[in-house]
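Thanks, I will keep this short. Please have the sequence and the model open while I talk.

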Amino acid sequence: MKIPVVRDILEANERIAAENRRIFNENRVFVLNLMSAPGAGKTSLLERTVDTLNGEMQIGIIEGDIQSSIDAARLSKKGVATVQINTDGACHLDGNMIRGAFSHLDLKSLDLLIVENVGNLVCPAEFVMGEDHKVMILSVSEGDDKPLKYPLMFRESSVLLINKIDLLPYVDCSINKIKESSLKINPDLTIFEISCKTQEGLIGWYQWLRDMVRTSS
Amino acid sequence: MHELSITQGLLQIVLEEARKHSISKVRLVKLRIGELTAVEPSSLTFCFELLTKDTPADGAGLEIDVVPIKLKCLNCWEFFETRDASFVCPACSSFNTELITGRELYVEQIEGD
């Protein structure tokens, strides 16, 4: 017997993500899913962002890591509401894990919730969690061929932060090549060239966040 | 290795559909997977064999139809397949294109008795 099915394999996750989205909207919190390879600078970006914008807006953070709470400890020192998720081996966060985590946060009091995904350039791009936008970081030390090798994350993201530009004199990486190949995959991508270390270029990112939070509240 | 979570979703659908149609032994599962998804067919097959053990889908074949990335140019209406991860229209160089196929990730059919 042949049974036509035609059902999306990710339907369960997408249902939960849609429900998360409804809850985020109800509480007027703007939610970002921050993704990158390990070591590209997600936690450093969050530290800089919190230092600059906390006070101006209420920020909450969900930290996703396979193991440890090192990142959450780094951020909670800054006085922002931080929840740690340990995925125990899973290479990405999904709607259900986020749901478990945000129940520990007072969403009503937040303007901005940033979810730091597990460091990985492949898997996280496939799973929605109810976010408003996906934001990704690519650091120049990873090489300028990454958009071609991992097109899905570049396609799904609204913002690309090219980090560690202070290292450009020491690495073989062309920023123009990154921008050109990323825009071929996703012409709507907003790109910022930044260094979390020297803080160069971060002003544009902060402004993007301010504009987004303002229009969503 | 997110193929494991994807396979869990897949297996849930297969077992639900089998129950719904009173199939006690699933013989074949047909999937459509777009080239733009981050799914590796061989990992998926491995996970499927692992997770179906002692279920009505134990031993079922997995047939994966890989769907190419196809786009439509919204400027000149050209249909094209991507080369080198470029989503730009090869005919008129427009960036204004729409993805038609390549993001599929679904169960198309199951067979069994």
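Start with Ile3(A), whose bridge partner in β6(B) is Ile110(B). The model is predicted, so local features need pLDDT of at least 70 and side-chain atom pairs count only at pLDDT 80 or more, while totals for chains, interfaces and linings use all residues. Residues are numbered from 1 along each chain as its sequence is written, and chains are lettered from A and ligands numbered from 1 in the order in which they are written.

That bridge belongs to a strand pairing across the two chains: β1(A) and β6(B), residues 105-112 of chain B, run antiparallel over five bridges. Strands here are DSSP runs of E, at least two residues, and helices are runs of H or I, at least four, numbered from the N terminus. Two strands count as paired if DSSP finds at least two bridges between them. Another pair in this set is Asp8(A), which stands opposite Tyr106(B) in β6(B). β6(B) also pairs within chain B, with β1(B), in the antiparallel sense over seven bridges. There, Val26(B) stands opposite Gly112(B).

Now the contact as a whole. How many residues does it take from chain A and from chain B? It takes 28 residues from chain A and 29 residues from chain B, where two residues are in contact if their C-beta atoms, placed from the backbone, lie within 7 Å. On the chain A side, the elements giving two or more residues are β1 (2-8), α5 (146-149), α6 (151-156) and α7 (175-185). The largest share, seven residues, comes from β1(A). By type, that side of chain A divides into 20 nonpolar, one polar and seven charged residues. In this count Ala, Val, Leu, Ile, Met, Phe, Trp, Tyr, Cys and Pro are nonpolar, Asp, Glu, Lys and Arg are charged, and the others, Gly among them, are polar.

His2(B) sits in the segment before α1 of chain B. Is His2(B) buried or exposed? His2(B) is buried, because 23 other C-beta atoms lie within 10 Å; the cut-off for buried is 20 or more, for exposed 12 or fewer, with partly exposed in between, and C-beta atoms placed from the backbone. Leaving aside neighbours within four places in sequence, His2(B) is in contact with Cys91(A), His92(A), Cys123(A) and Glu126(A).

Helix α1(B), residues 3-20, has 18 residues and reaches 25 Å from its first C-alpha to its last, close to the 26 Å expected; that expected span is 1.5 Å times one less than the number of residues. Its buried residues include Ile6(B), Leu10(B) and Val14(B). The buried residues of α1(B) pack against β1 and α1 (11-26) of chain A, together with β1 (26-34), α2 (41-52) and β6 of chain B.

Last, chain A on its own. Chain A has eight helices and eight strands. Its radius of gyration is 17 Å, close to the 17 Å that the globule rule gives for 217 residues, so chain A is as compact as a globular protein of that length. The radius is taken over C-alpha atoms, and the rule is 2.2 Å times the number of residues to the power 0.38. Buried residues make up 48% of the 217 residues in chain A. Leu161(A), leaving aside neighbours within four places in sequence, is in contact with residues including Leu45(A), Phe192(A) and Trp205(A).
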